[in-house]
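Subject: Structure handover

Hello,

Here is the structure I promised to pass on. Please open it alongside this email.

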2 protein chains.
Amino acid sequence: MDYAKRIKRLQAGLRRQQIDAILITQPENRRYLCGYTGSDHGIAETSGVLLIPAKGGVYLLTDFRYRLQAEQDVPWATVVLYPRGLPRLLLRLLPDLGVRKLAFESHYTLHSTATMLAEGLAKAGITMVPLRGLVENMRLIKDEEEIDCIRRSVRLNEQVFSEIFPAIQPGRSEIDIALAIETAMRHHGAEQPSFPSIVASADRSALPHAVPGVLPVEKNRPLTIDMGLVLNGYCSDMTRTFVPGRADDRYLELHRLVRRAQLAGMEAIRAGVRASAVDRAARAIIAGAGYGDAFGHALGHGVGLAVHEDPRLSSLNHKQLRAGMVVTVEPGIYLPGWGGIRLENMVVVRDEGCENLNADTTWLDL
Amino acid sequence: MDYAKRIKRLQAGLRRQQIDAILITQPENRRYLCGYTGSDHGIAETSGVLLIPAKGGVYLLTDFRYRLQAEQDVPWATVVLYPRGLPRLLLRLLPDLGVRKLAFESHYTLHSTATMLAEGLAKAGITMVPLRGLVENMRLIKDEEEIDCIRRSVRLNEQVFSEIFPAIQPGRSEIDIALAIETAMRHHGAEQPSFPSIVASADRSALPHAVPGVLPVEKNRPLTIDMGLVLNGYCSDMTRTFVPGRADDRYLELHRLVRRAQLAGMEAIRAGVRASAVDRAARAIIAGAGYGDAFGHALGHGVGLAVHEDPRLSSLNHKQLRAGMVVTVEPGIYLPGWGGIRLENMVVVRDEGCENLNADTTWLDL
């Protein structure tokens with residue numbers, strides 16, 4: 001990845017806004033800008049903060065525990081430790097760098113942290129400036145190197161699904177299947193699952209966000225598997241619903257309806273189309289068959305270094321799609337007491353249409 | 001758990017500060033107050049927010065995806081969905097409840113969220129009041145029911161370690177062992193690991209925060225395993241270092257030194273003693289043998305619903321320990337190029353000393 005180019009682009013943006021430096025705290029933004037692989041333990045326990053001046057070299061600020069990893073991952077940055085906390089280190093570093101206006105990521109900085117930093121730095125005549133989405137806007141459009149990383153993540157995810165598939169048998173518990181999936185992911189070199197895998201059988205498949213339990217997969221009932229992994233930092237996300245055993249007519253009818261909605265969504269995607277129009281194209285199919293109320297979530301979301309990122313394919317997002325965006329297309333129908341069906345692929349927005357990143361079509365066309 | 005009692009205690013605190021209601025966003029605080037098991041996807045994707053008025057019933061605000069789980073977990077609360085976002089829902093709910101001053105958790109609310117809510121609510125004459133640590137202060141002291149939960153979490157963690165132990169053989173990869181540990185945890189009913197398990201062999205054991213890799217466990221070199229799980233919401237955390245094969249004299253000397261430091265720390269713990277004094281008691285043993293620089297982190301941390309919580313057993317925390325606190329005691333020595341040794345137990349602070357929650361003493365006294 002061309003980190004130098006990304007840093008330069010960000011620095012140009014800072015200079016345009018007359019900001020002297022920015023603190024990058026959002027983990028995927030940090031990785032996007034420098035490749036640092038440190039993983040945070042929630043927002044309250046960071047593995048490091050990037051300090052990027054509007055001009056000049058980059059600093060990676062971290063603590064004792066992450067020093068070696070920081071130095072190995074980002075040899076071109078200056079790694080500085082903060083044994084007495086970030087505010088003290090900033091008070092020492094920023095005046096030397098001539099920083100008077102310091103931007104921070106308002107959408108990934110705790111209110112208490114922002115307040116504490118602002119009070120501490122005010123003493124040194126430094127003003128904190130809240131910013132939102134500066135790096136996220138850069139991440140919206142993926143270059144071909146990133147798309148290739150995402151493609152490999154999608155393909156590995158499909159490979160794991162095929163490997164695990166023969167072991168998905170009625171009677172086996174949901175959690176057992178979920179663990180087998182995540183173990184296979186990591187054996188194949190995934191850093192981690194991109195979210196806790198969903199394995200939901202029968203009634204439980206009616207919960208879009210089901211947590212796999214000790215209950216067994218039921219024969220002749222819908223089974224939803226929603227899984228994704230992180231490979232070289234980039235996420236995949238795929239959902240398949242099928243019936244272990246024999247699918248009845250109602251299942252087949254609803255499955256084909258969801259698949260038609262997915263195809264209509266994919267058909268609507270190309271650069272220049274509003275995200276809400278894509279959502280509408282898929283939703284119209286499901287609503288037209290009388291199941292509009294049973295599809296309670298947005299059609300899709302962006303995927304990249306984060307498994308959920310912009311753009312959202314939702315009725316509320318009227319922004320135009322742009323070439324190089326990567327999104328999921330995942331319509332669903334959820335009927336409490338019966339079960340649910342969701343089908344999810346990932347696609348790249350192109351000028352003339354969309355490129356489907358999923359090669360495997362098993363369980364899509366029944 | 002007596003959620004009604006906790007809510008009443010919090011409400012009394014709100015009334016003392018003349019606050020009309022509080023938004024609870026911190027996930028462990030939310031679980032502590034109502035038992036809701038929804039899990040968030042990072043701070044930006046919550047599974048729900050508690051709204052607790054200073055008087056009257058509790059509201060659990062969430063979205064479509066978590067509705068059933070919220071209603072099942074907290075049948076005594078009013079579950080309300082926010083299809084158009086939290087600010088809109090609050091603008092509808094708060095005036096009816098007569099709320100003029102709304103507190104929020106400053107240490108678990110994003111700066112951008114706090115700003116957006118404050119602007120939105122100001123139109124309705126409602127003021128946002130940042131608060132910190134109100135619920136965390138309640139969580140500091142565990143009652144016997146909580147201690148029992150933690151004890152069971154510790155014991156299950158030990159059981160998993162004993163089960164996996166025979167399969168820890170030189171040549172097997174670190175990640176393979178970590179996966180076996182986490183799979184066993186979940187098969188035994190743990191909700192999840194309380195943090196990504198650390199399995200670090202040879203040089204890599206010198207990283208206190210090592211990430212297990214595909215490299216094999218090396219014979220006759222130190223191996224550090226740091227593992228914990230979540231059982232009924234409560235965390236455990238345990239570290240063992242040992243040598244697969246034959247430990248040399250240097251290893252034995254350093255291992256015994258770390259163990260002496262751990263015992264000195266445990267010996268120093270009782271209600272009324274400063275946290276910094278406990279850290280000092282353990283650190284003095286290691287520093288006295290000339291390895292002070294090789295012990296670069298604090299002696300321990302609180303454990304409960306969160307795996308890292310207050311109190312910190314650190315040289316910077318001069319607060320007194322109180323009966324019912326639960327902490328880790330985990331001195332370590334890290335020598336780059338050679339390896340590291342860390343030994344970690346969990347104890348309950350009692351009036352007369354400490355109660356060791358770890359029953360297993362394997363690999364402590366060599």
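Below is what I found, element by element.

First, a caution: this is a predicted model.

The two copies

Chain A can be laid on chain B by a turn of 180 degrees, with a shift of 0.0 Å along the axis and an RMSD of 0.0 Å. The two copies are thus related as by a two-fold rotation axis. The interface tells a matching story. Of the interface residues of chain A, 97% are also interface residues in chain B, so the copies meet through the same surface.

Helices 1 and 2 of chain A

Start with helix 1 (residues 3-16) and helix 2 (residues 27-34) of chain A. Their axes come within 7 Å and cross at roughly 115 degrees. Helix 1 of chain A brings A:Y3, A:R6, A:I7 and A:L10 to the contact, and helix 2 of chain A brings A:R31, A:Y32, A:L33 and A:C34. By type, the residues of this contact are six nonpolar and two charged, with no polar ones.

The sheet 8-9-12 of chain A

Three strands of chain A form an open antiparallel sheet in the order 8-9-12. Strand 8 (198-201) and strand 12 (238-242) of chain A each have a single partner strand, so one side of each is left without a neighbour in the sheet. From one strand to the next, the twist averages 10 degrees. Strand 8 of chain A and strand 9 (residues 223-227) of chain A pair over four bridges. In strand 9 of chain A, A:I225 is the bridge partner of A:V199. Helix 7 (residues 144-164) of chain A lies across strand 9 and strand 12 of chain A. It runs at about 30 degrees to strand 12 of chain A.

A:H301

Is A:H301 buried or exposed? Its relative accessibility is 8%, and buried means under 20%, so A:H301 counts as buried. This residue sits in strand 13 (residues 300-302) of chain A. Leaving out residues up to four places away in sequence, A:H301 touches a set of residues including A:D237, A:H308, A:R312, A:V327 and A:E344. A:T78 is 223 residues from A:H301 in sequence, and their C-alpha atoms are 35 Å apart in space.

Strand 2 (residues 49-53) of chain B is mostly covered, with five of its five residues buried. B:V49, B:L51 and B:P53 are buried on one side, and B:L50 and B:I52 are buried on the other. Strand 2 of chain B has two antiparallel pairings to look at. With strand 1 (residues 21-24) of chain B it pairs over four bridges, and B:I24 stands opposite B:L50. With strand 3 (residues 59-62) of chain B it pairs over three bridges, and B:L61 is the bridge partner of B:V49. The hairpin of strands 2 and 3 of chain B has five residues between the strands. There, B:G56 takes a positive phi near 95 degrees.

The sheet 7-10-11 of chain B

Another open antiparallel sheet of three strands has the order 7-10-11 in chain B. Strand 7 (192-193) and strand 11 (234-235) of chain B stand at its edges. Strand 10 (residues 229-231) and strand 11 of chain B pair over two bridges, with B:L231 opposite B:Y234.

Helix 9 of chain B

Helix 9 (residues 249-268) of chain B has 20 residues and should span 28 Å at 1.5 Å a residue. Its end C-alpha atoms are 29 Å apart, which agrees. Buried residues in helix 9 of chain B include B:Y251, B:H255, B:R259, B:Q262 and B:M266.

Best wishes

Terms used
Residues are numbered from 1 along each chain as its sequence is written. Chains are lettered from A and ligands numbered from 1 in the order in which they are written. This is a predicted model: local features need pLDDT of at least 70, side-chain atom pairs count only at pLDDT 80 or more; totals for chains, interfaces and linings use all residues. Side-chain values use heavy atoms; hydrogens and water are left out. Axes are lines fitted to C-alpha atoms, for helices over the stretch in contact, and angles run from 0 to 180 degrees between N-to-C directions. Contact means heavy atoms within 4.5 Å. Ala, Val, Leu, Ile, Met, Phe, Trp, Tyr, Cys and Pro count as nonpolar, Asp, Glu, Lys and Arg as charged, and the others, Gly among them, as polar. Copies are superposed by least squares on the C-alpha atoms of residues with pLDDT of at least 70 in both. The expected span of a helix is 1.5 Å times one less than its number of residues. Buried means under 20% relative accessible area, exposed over 50%, partly exposed in between (1.4 Å probe, protein chains only). Two strands pair if DSSP finds at least two bridges between them.
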